[in-house]
Amino acid sequence: MQLPTILALAASSASLAAAVDVDTTGLRLIKTSPEDLGIWVTEEEKLVMAFEHKHFVDITDITDPAVLAILSTPDSEEVSLAARAVTYPTSATKQSTANPLINQVSNTQPQSWLTTLTNFHNRYYRGVNGTAASTWLFNTVSQVAAANPAITVSRFTHSFNQPSIIVKIPGTTSDLVIVGAHYDSTGGSATARAPGADDNGSGVVCILEALRVLANARYAPKNTLEFHFYGGEEGGLLGSAGVFSNYKSTGKNVLAFVNQDMTGYSPGGRITVYTDYVDSSLTAYARVVATAYTGTTSSSSCGYACSDHGSARSNGFPAAYIADEPIGTSSPYIHTSNDALSTIQWPAILRHSKFTVAFLIEASFV
Ligand SMILES: [Zn+2]
């Protein structure tokens, strides 16, 4: 945990930018593997771990023994799902519904949105910039959703000052199909520049573009569709942990959750399906949809606590993780000031926006 050089670098950047709006001296309990019983670290140590690409989940506020048990279960052992009421289709069968909507997908709005997102100094979840980003995102999401008065937009508040944002297109059933992406960013310290273009402004704009298309079409699904924008992912999956803990305790029936974290840097030019710490049945279905609508996919794995699908999984919901590239060839810039708009490969964004529409349409019928 002691990384003196990096800590010194982080400290030296403290004078560069805006102040942090909360006390960051309190210790947090994090877990870095199923076997790890937990270690207490400072906020600054968490930021350095993220800078070093070390994955962790912040379990300080997790009290549900069943959730903690899953977080301590190796990936090789299948976890028991609290709810999965469907058998997923083995082929994509809704092209006639999905294709006219997919034809409406473009990069025009995503380019504008990602420009704004990356112009925030950072989107650190405990800082004033992260709060400002949440306000801008809530307003933008609300404007997009306003094309269909049936759609609701709400803030889901957390102990930190960066709410998650939840959009709902009500279906004829309350069963949920959810797509999600985190919108915070990190650059190694609370004050470091962190444009977070690929990680994860890219995922945010893909989900927002899918919402724009479905809202404009006034798409009326069978299953209820939700679009989640999480705060605090870089602090240890905090936003998604709060949301899915609430969904578990309130008995919501989640048919599918697909997380997208990094969708804008893909030398390989293929959607990548991640296969560890996910639900294998849903993952197979997500691959079926991705293949039918975008062509051949790649596979990869990213380890423990690598993104928000971990929170859905630990609360007993079926989760999948889709990203732009296998881990070994993914963006070399993430968690630094170099994760900039100029590095974004727009064909990848377009591919993931189309996939998001396709998945929502296909899964809205399951
Ligand atoms: Zn991320």
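In which hand does α7 pass α11 in their crossing? The crossing is right-handed, where right-handed means that the near helix is turned clockwise from the far one by less than a right angle, and left-handed that it is turned anticlockwise. The model is predicted, and local features need pLDDT of at least 70, side-chain atom pairs count only at pLDDT 80 or more, and totals for chains, interfaces and linings use all residues. Residues are numbered from 1 along each chain as its sequence is written. Helices (H or I, at least four residues) and strands (E, at least two) are DSSP runs, numbered from the N terminus.

Two packed helices are described by the angle between their axes and the distance between the axes. Axes are lines fitted to C-alpha atoms, for helices over the stretch in contact, and angles run from 0 to 180 degrees between N-to-C directions. For α7 and α11 the angle is about 50° and the axes are 8 Å apart. This makes α7 oblique to α11; angles under 35 degrees count as roughly parallel, over 145 as roughly antiparallel, 65 to 115 as roughly perpendicular and the rest as oblique. Two residues are in contact if their C-beta atoms, placed from the backbone, lie within 7 Å. On the α7 side the contact includes Ser202, Val205, Cys206 and Ile207, and on the α11 side the residues include Ile349, His352 and Ser353. By class, this contact of α7 with α11 has nine nonpolar, four polar and one charged residues. Ala, Val, Leu, Ile, Met, Phe, Trp, Tyr, Cys and Pro count as nonpolar, Asp, Glu, Lys and Arg as charged, and the others, Gly among them, as polar.

Helix α7 also packs with helix α5 (residues 108-119), the axes coming within 9 Å and crossing at roughly 140°. The two helices are therefore oblique to each other, and the crossing of α5 and α7 is right-handed. Among the residues that meet are Trp113, Leu114 and Leu117 in α5 and Val204, Val205 and Leu208 in α7. The contact of α5 with α7 divides into eight nonpolar, four polar and two charged residues. Helix α7 spans residues 197-216 and contains Asn200. A cis peptide bond, with omega about 0°, joins Asp199 and Asn200.

Eight strands form an open sheet with mixed pairing, in the order β4-β5-β7-β6-β8-β11-β9-β10. Strands β4 (152-156) and β10 (298-300) stand at the edges, each with a single partner strand, so one side of each is left without a neighbour in the sheet. On average, neighbouring strands of this sheet are turned by 25° against each other, direction ignored. Two strands pair if DSSP finds at least two bridges between them. Strand β8 runs parallel to β6, and five bridges join them; in this pair Val179 stands opposite Val258 in β8. With β11 (residues 319-323), β8 pairs in the parallel sense over four bridges. Phe257 has Ala319 in β11 as its bridge partner, and Gln260 stands opposite Ile322 in β11. Helix α9 (residues 280-294) packs on the sheet and touches β8, β9 and β11, its direction making about 40° with that of β11. Helix α11 (residues 346-363) packs on the sheet as well, touching β6 (176-182), β7, β8 and β11, and its direction makes about 160° with that of β6.

Burial was assigned by counting neighbours: a residue is buried if 20 or more other C-beta atoms lie within 10 Å of its own, exposed if 12 or fewer, and partly exposed in between, with C-beta atoms placed from the backbone. Seven of the seven residues of β8 are buried, so this strand is largely enclosed by the rest of the structure. In helix α2 (residues 43-51), the buried residues include Lys46, Leu47 and Phe51.

Most residues other than glycine have a negative phi, and most peptide bonds are trans. His53, which follows α2, has a positive phi near 60°. Leu237, not a glycine, has a positive phi of about 65° and lies in the loop between β7 (224-230) and α8 (238-249). Leu237 counts as buried because 28 C-beta neighbours lie inside 10 Å. Met262 has a positive phi near 90° and is placed in the loop between β8 (254-260) and β9 (272-274). Met262 has 28 C-beta neighbours inside 10 Å and therefore counts as buried.
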